[in-house]
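Trainee: I have a model open and would like to learn how to read its features. Where do we start?

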Amino acid sequence: QVQLVESGGGLVQAGGSLRLSCAASGLTFSTYVIAWFRQAPGKEREFVAAISRSSDSTFHADSVMGRFTISRDNAKNTVYLQMNSLKPEDTAVYYCAADPSSTISPGSHYSSVYDYWGQGTQVTVSS
């Protein structure tokens, strides 16, 4: 049974930082592209970042470029999202997702390519 479990969310003031984690089990973690998405109330799910299987390639949305960094540790079956300079508009539920594709592509920002999803972790940024 595949499980993706996010953690690290919480309440933070604007300008602050958080690090999200996504722990995976039940799959060969190193063979999956992993991504982070987010969904704010009343809005569609939005791509945040993706990382290739061996960490040699990453892809960040323009809205988080330079503030957020995705990374992974295949030995720990875990992906991270370091979020700095947080803004109130970053408030959302953050989800990690796994895609069995061999590499990141322009299609990696579409939620439909991901086979497995976590339950999400809430991030709230106060102004």
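Mentor: Start with the largest nonpolar core, which has 37 residues; Trp36, Val48, Phe68, Leu81, Met83, Tyr94 and Tyr114 have the most contacts inside it. The elements that give two or more residues to this core are β3 (18–25), β4 (33–39), β5, β7 (68–73), β8 (78–83), β9 (92–99) and β11 (121–126). Keep in mind that this is a predicted model.

Trainee: Which residues does Tyr94 touch, not counting residues up to four places away in sequence?

Mentor: With those neighbours left out, the contacts of Tyr94 include Trp36, Val48, Phe68, Leu81 and Met83. Glu6, Arg38 and Thr121 are also among them.

Trainee: Is Ser52 buried or exposed?

Mentor: Buried means under 20% relative accessible area. Ser52 counts as buried because its relative accessibility is 3%. Ser52 sits in the loop between β5 (46–51) and β6 (58–60).

Trainee: What joins the side chains of Ser52 and Asp56?

Mentor: A polar contact of 2.5 Å joins them. Leaving out residues up to four places away in sequence, Ser52 touches Val33, Ser57, Arg72 and Ile104.

Trainee: Why does Gln13 count as exposed?

Mentor: The cut-off for exposed is over 50%. Gln13 has 59% relative accessibility, so it counts as exposed. Gln13 belongs to strand β2 (residues 10–13).

Trainee: Which residues does Gln13 touch, not counting residues up to four places away in sequence?

Mentor: Gln13 touches Val125 and Ser126 on that count. Gln13 and Ser126 are 113 residues apart along the chain, and their C-alpha atoms are separated by 4.8 Å.

Note on methods:
Residues are numbered from 1 along each chain as its sequence is written. This is a predicted model: local features need pLDDT of at least 70, side-chain atom pairs count only at pLDDT 80 or more; totals for chains, interfaces and linings use all residues. Side-chain values use heavy atoms; hydrogens and water are left out. Helices (H or I, at least four residues) and strands (E, at least two) are DSSP runs, numbered from the N terminus. Buried means under 20% relative accessible area, exposed over 50%, partly exposed in between (1.4 Å probe, protein chains only). A polar contact is a pair of N or O atoms within 3.5 Å; within protein, one must be able to donate a hydrogen and the other to accept it, and residues adjacent in sequence count only if both atoms are side-chain atoms. Contact means heavy atoms within 4.5 Å. A nonpolar core is a set of buried Ala, Val, Leu, Ile, Met, Phe, Trp, Tyr and Cys residues joined through side-chain atoms within 4.5 Å.
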